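User: Hi! I am new to protein structures and would like to learn how to read one, feature by feature. Could you walk me through this example?

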Amino acid sequence: MTEVFILLSAIILDFLFGDPYNIPHPIIYIGKLISYVEERIRKSNTDLKKGGALLLILVLSTVFISISLILFLANVIHPIFKTLITIYLLYTSLAAKCLKDEGIKIYKVLKEKDIKKARLLISYLVGRDTEKLEEDEITRATIETIAENTIDGVLAPIFYIFIGFLLGMPVQFVFLYKAINTLDSMVGYINEKYKDIGYFSAKVDDLVNFIPARIGAVFMILGGFKYDMKNGFKILIRDRLNHKSPNAAYPESAVAGLLNIQIGGENIYFGEKIYKPTIGDKNRKIIIEDIKRTINIMYISEILFVVFIIFILLYII
């Protein structure tokens, strides 16, 4: 079946190559588009909340039209060429290897006791201040990032590829999701600069992640069969709402429960201490090996989810 071949090809490419630095990545161009439109809206002196709605509409419509045009032109050249372009674009929507690589970089420098370099590396992944973080805090931040992005960067894109297959537009659907996700990461903050212009982007991001976060957290626990699955379900049920985001605590609860650790708590943003609810129980101290365990959970949950999706595709289509 063509859909299964395309999905597996995209996942295998991500597993093998991740995000090569020398190949242009579509998300980079979506980010440039967001920056361009945001700048124009700010210069126009439009009400920023209305401007934020316009930003969302313009970015999503541009992405949808652009992807549709690319696929149309590829099909004009040859249907096989369209299939190859489809595989490539779907591959770029996945981030499992990228997450693994970034996590392993931090793991290695922590093993070498190079805290200064570890602080620099984690600063590329999180919004909190990292200049004074110690080993356990860097490890916690890495685990939280990989856990949360197991949904945003892996399982949710696969979910929207699946929905797109059912409706005949897998690339359009997954890139609408990625555009919303990128909008949220660029303007979806609650500080003075972004709270108005990013309002709609943040709300829509919460909406599109609602189902993937909940389904994905269950698959993450199933993917953690080598760890404490019983505690994983317990902590997921208990702590799934312990986050300002309606979705982020789901994957973080799954990982914290599986590994019998506690994440969340105090962080510093722009010099100000911010306390977030804790997730999980402090049954043991977090260690750097937990980074590798979180990566393992990510990959196994992806495999299980893909098998589940393929089974449905074979049954329905």
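Analyst: Happy to. Let's begin with a helix: the buried residues of α12 are Ala249, Tyr250, Pro251, Glu252, Ser253, Ala254, Val255, Ala256, Gly257, Leu258 and Leu259. Buried means under 20% relative accessible area, exposed means over 50%, and partly exposed lies in between, using a 1.4 Å probe and protein chains only. Helices are DSSP runs of H or I with at least four residues, numbered from the N terminus. Before we go on, please note that this is a predicted model: local features need pLDDT of at least 70, side-chain atom pairs count only at pLDDT 80 or more, and totals for chains, interfaces and linings use all residues. Residues are numbered from 1 along each chain as its sequence is written, and side-chain values use heavy atoms, leaving out hydrogens and water.

User: Are asparagine 45 and lysine 113 buried or exposed?

Analyst: Asparagine 45 counts as exposed because its relative accessibility is 70%. Lysine 113 counts as exposed too, because its value is 58%.

User: Next topic: how do I read a salt bridge?

Analyst: Side chains of opposite charge can pair when their charged atoms come close. The rule used here is a side-chain nitrogen of Lys or Arg within 4 Å of a carboxyl oxygen of Asp or Glu. A search of the whole structure finds 16 salt bridges. One of them joins lysine 43 to glutamate 39, with the closest N and O atoms 3.0 Å apart.

User: Where do lysine 43 and glutamate 39 lie?

Analyst: Both are in helix α2, 4 residues apart, about one turn of the helix. An α-helix has 3.6 residues a turn, so residues three or four places apart point the same way. Lysine 43 is exposed at 60% relative accessible area, whereas glutamate 39 is partly exposed at 37%. Glu39, Arg40 and Lys43 are linked in a network of salt bridges.

User: Which residue forms a salt bridge with glutamate 144 at 2.8 Å?

Analyst: That is arginine 128, with 2.8 Å between the closest N and O atoms. This pair links distant parts of the chain: glutamate 144 is in helix α7 and arginine 128 is in the loop between α6 and α7, 16 residues apart. Both of these residues are buried. Glutamate 144 also meets arginine 140 in a salt bridge, at 3.1 Å from N to O. Arginine 140 and glutamate 144 both lie in helix α7, 4 residues apart, and both are buried.

User: What about a charged residue with no such partner?

Analyst: Look at aspartate 14 in helix α1 (residues 2-17). Aspartate 14 is buried yet has no salt bridge, and the nearest side chain of opposite charge, lysine 97, is 8.1 Å away. For this count, Lys and Arg are positive and Asp and Glu negative; His and the chain ends are not counted. The side chain of aspartate 14 does reach the backbone nitrogen of alanine 96 at 3.2 Å.

User: Last one: which residues does isoleucine 41 touch?

Analyst: Not counting residues up to four places away in sequence, isoleucine 41 touches Thr46, Gly51, Leu55 and Ile197. Contact means heavy atoms within 4.5 Å. Isoleucine 41 is in helix α2 and counts as buried because its relative accessibility is 6%.

How values were computed:
Helix = DSSP H or I, 4+ residues; strand = E, 2+ residues; numbered from the N terminus. Polar contact = N/O pair within 3.5 Å; in protein donor to acceptor, adjacent residues only side chain to side chain.
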